[in-house]
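Dear colleague,

Please find below the structure that I am handing over to you. The findings follow directly after it.

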Amino acid sequence: MRSESGLNYIVKVASRCNLNCSYCYVYNQGDTSWRGRPSLMSRETFTAMLGRIRRHCVRSGQETVALAFHGGEPTLVGPARFAWMCAAAREELGDVAEVILAIQTNGTRLDHEWVSVLREHGVQIGVSLDGPQEINDSARVDHKGQGSYAAVVRGIALLREEGMPFGILSVVRPGADPLLIHRHFLELGSTSISYLLPADTHDTIGGLRSEFGPTPCADFLIPIFDDWWFNSSLDVSIREFWNLGLVIMGGSSRLEMIGNPPLHFVCVETDGSMQGLDKLRACEDGMTGMELNVHDADFAEIAQASPFHAAVMDGLPLPSGCQACPERETCAGGHLSNRYSSANGFDNPSIWCLDLLALFAHVRTRLGVTHEETERRRSALRQAGAPPVTLQVS
Amino acid sequence: MPSPRPDTTIEERAEAPRVRDQLRARLEDELARQPDVPGVPMFTDLLIAQGTFAS
C-alpha cells in the first residue's frame, strides 16, 4: 500500500453482537481484542474518523469512497444514531467523493423504522444467513442458544415488502445439503448470494477434514454451480462463481477468496483504532492491530507504521507450495486466513487447496477454457493498458 | 466433462453450450467495462450489498 492509495472503510459501529454464532471469527476463534473496546462507536469517534477519511480522499484523489457498517452487529447502534452517522458521512465527504453506504447485518433487528432509515439514506443491504431453519440455527444462535432464523426471515420479509434489494452472505456448511440451502435463498428473493469458505486455518482444520473428507467445500459448491448453470438464471449473482469466471477468463479477482488481489480497505473499530484484514482475527490474537487510531493518525500512515498490514493490502507473496501449481495466478493461494499456520505463518497453500482446484477444474470445463487460453486472455487484457478504476459501482 | 448432477435432465444438459456462451459473453463484457489492471482497489468479502459491491 502506498500512502496515496485509495481506500474504502469497514466501520465497526458495534463491537458486540446479539448473536453468538459458533464459527464466528470475531468472537469464537483466535482473537479477544473486542473485549477491551467500547460496545458502540461514539459520535466523537465517528466524527474523528470522517475527518481522517476526508483527508485521505483528498490525498488519494479517489472518486468514490465506500463505508460499510459492520460489527459485531451494526444495528445495535439503534436507528437514530445510525441515521445520524449516514447523514454525517454524506455531509462530510460528499463534496470530495461519491459516498457509498452499505451495511452487513444479521437481520434479526430489522423493523419498519430500520427499513425506513436504510431507504432514506440509500444504504445497500447485506443479510447474513446460512440456510433453512434447521441448518441456520445449528450454528447461528443467540447468547441463550436460541436459533436466529425466525427473526432473520422476519427482517427479510420487511425488506421485500418495501422493495428493498438485499444480498445474502452465507458460510459454506460442510456436510449440509447445498441445493436445499441455495434454493431456499432463491425463495427468499435474493438475487445476490455469496458463499464464504469457513475461516479455519491449518491449526484448526483437522477435525473438519476428518469428519467431511478432503474436499468439503467443493462438494458443497459444485452442485450449487450446476444448479445455477442449468436451472437458475445467470441473473442471480453468485459472487464466488462470477469471480472464478473472471480469473479463468484472464481477469483479476475482486474477492479476497481467490487471486490474492490488493485489499484497499481498512477496518475502524469502535474505539477508533485502525485494523487490517478482518478475517486474520481467526489466526492469532491481536493480528489485525495496527497501533494507529483515527483520533491521532491519518490513514496514510499505515504504509509506514504497519509494514505487515501494508504488505497484506498489496497481496503477500505466493506460498512456496503453490509455485508450480497451474492455478497459481488465478487462485494464488486462496484467502490469506486460510493459508495460516502457527508453524509457517502464511507460507502454506490454502487449507481449501483441493477444494479450490476441484472448483477451478469444474468451472473451466463448463466454460470450456484451458489454462493456455486463460494465459492468452490475461496477456491481452493487460496489454490493453486501460486506466485503473477505483471501485465497482453498478 | 464432469458428470451432470443426478437430477439434471437430458434437456438441461442440452442447454449447456447456450449457457456457456451466455456466461462467457457476460464475463467478457465485464472485463471490457472494468478493464483488468493489476492493483485495482477492491472491497471485502465480508460484505454483500446488492447493487454496489456484488458483481
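I begin with a turn in chain A. Strands 8 and 9 of chain A form a hairpin with four residues between them, and Gly272(A) in the turn has a positive phi of about 90°. Helices (H or I, at least four residues) and strands (E, at least two) are DSSP runs, numbered from the N terminus. Strands count as paired if DSSP finds at least two bridges between them.

Before going further, some notes on reading the model. It is a predicted model, in which local features need pLDDT of at least 70 and side-chain atom pairs count only at pLDDT 80 or more, while totals for chains, interfaces and linings use all residues. Residues are numbered from 1 along each chain as its sequence is written, and chains are lettered from A and ligands numbered from 1 in the order in which they are written.

Confidence

The pLDDT is the predictor's confidence in each residue, from 0 to 100. Its mean over chain A is 90, and 97% of the residues of that chain reach 70 or more. Over residues 386-394 of chain A the pLDDT is below 50, and this stretch has 24 contacts in the model beyond near neighbours in sequence. Two residues are in contact if their C-beta atoms, placed from the backbone, lie within 7 Å. Where pLDDT is low, the predicted coordinates should not be read in detail.

Overall form

Chain A holds 14 helices and ten strands. Its radius of gyration, taken over C-alpha atoms, is 20 Å, close to the 21 Å that the globule rule (2.2 Å times the number of residues to the power 0.38) gives for 394 residues, so chain A is as compact as a globular protein of that length. The C-alpha trace of chain A spans about 50 × 45 × 40 Å along its principal axes. Of the 394 residues of chain A, 52% count as buried. A residue is buried if 20 or more other C-beta atoms lie within 10 Å of its own, exposed if 12 or fewer, and partly exposed in between, with C-beta atoms placed from the backbone. Chain B has two helices and zero strands, and 35% of its 55 residues count as buried.

The sheet

Ten strands of chain A form an open sheet with mixed pairing, in the order 7-6-5-4-3-2-1-8-9-10. Strand 7 (237-238) and strand 10 (289-293) of chain A are the edge strands, each pairing on one side only. Strand 1 (residues 8-12) of chain A pairs in the parallel sense with strand 8 over four bridges, and Asn8(A) has Phe265(A) as its bridge partner there. Four bridges also join strand 1 to strand 2 (residues 64-70) of chain A, and these two run parallel; Val11(A) stands opposite Phe69(A) of strand 2.

Strand 8 (residues 265-268) of chain A points Phe265(A) and Cys267(A) one way and Val266(A) and Val268(A) the other way, and all are buried. Strand 8 pairs with strand 9 (residues 273-275) of chain A in the antiparallel sense over two bridges, with Cys267(A) opposite Gln275(A).

The core

The largest nonpolar core has 111 residues, of which Tyr9(A), Leu221(A) and Val266(A) touch the most other members. Such a core is a set of buried Ala, Val, Leu, Ile, Met, Phe, Trp, Tyr and Cys residues joined through C-beta atoms within 7 Å. Its largest share, nine residues, comes from helix 8 of chain A. Among the residues that Tyr9(A) touches are Ile53(A), Ala66(A) and Val268(A).

In helix 6 (residues 178-187) of chain A, the buried residues are Pro178(A), Ile181(A), His182(A), His184(A) and Phe185(A). They cover an arc of only 160° around the axis (taken from the directions from the helix axis to the C-beta atoms), which puts them on the same side of the helix. Leu180(A) and Glu187(A) are exposed on the face turned away from that buried side.

Helix 9 (residues 239-248) of chain A is mostly covered, with ten of its ten residues buried. What covers them includes helix 13 (353-367) and helix 14 (371-384) of chain A, together with helix 2 (16-33) of chain B. Just after helix 9, Gly250(A) takes a positive phi of about 95°.

With kind regards

Key:
Lists of a residue's contacts leave out its neighbours within four places in sequence.
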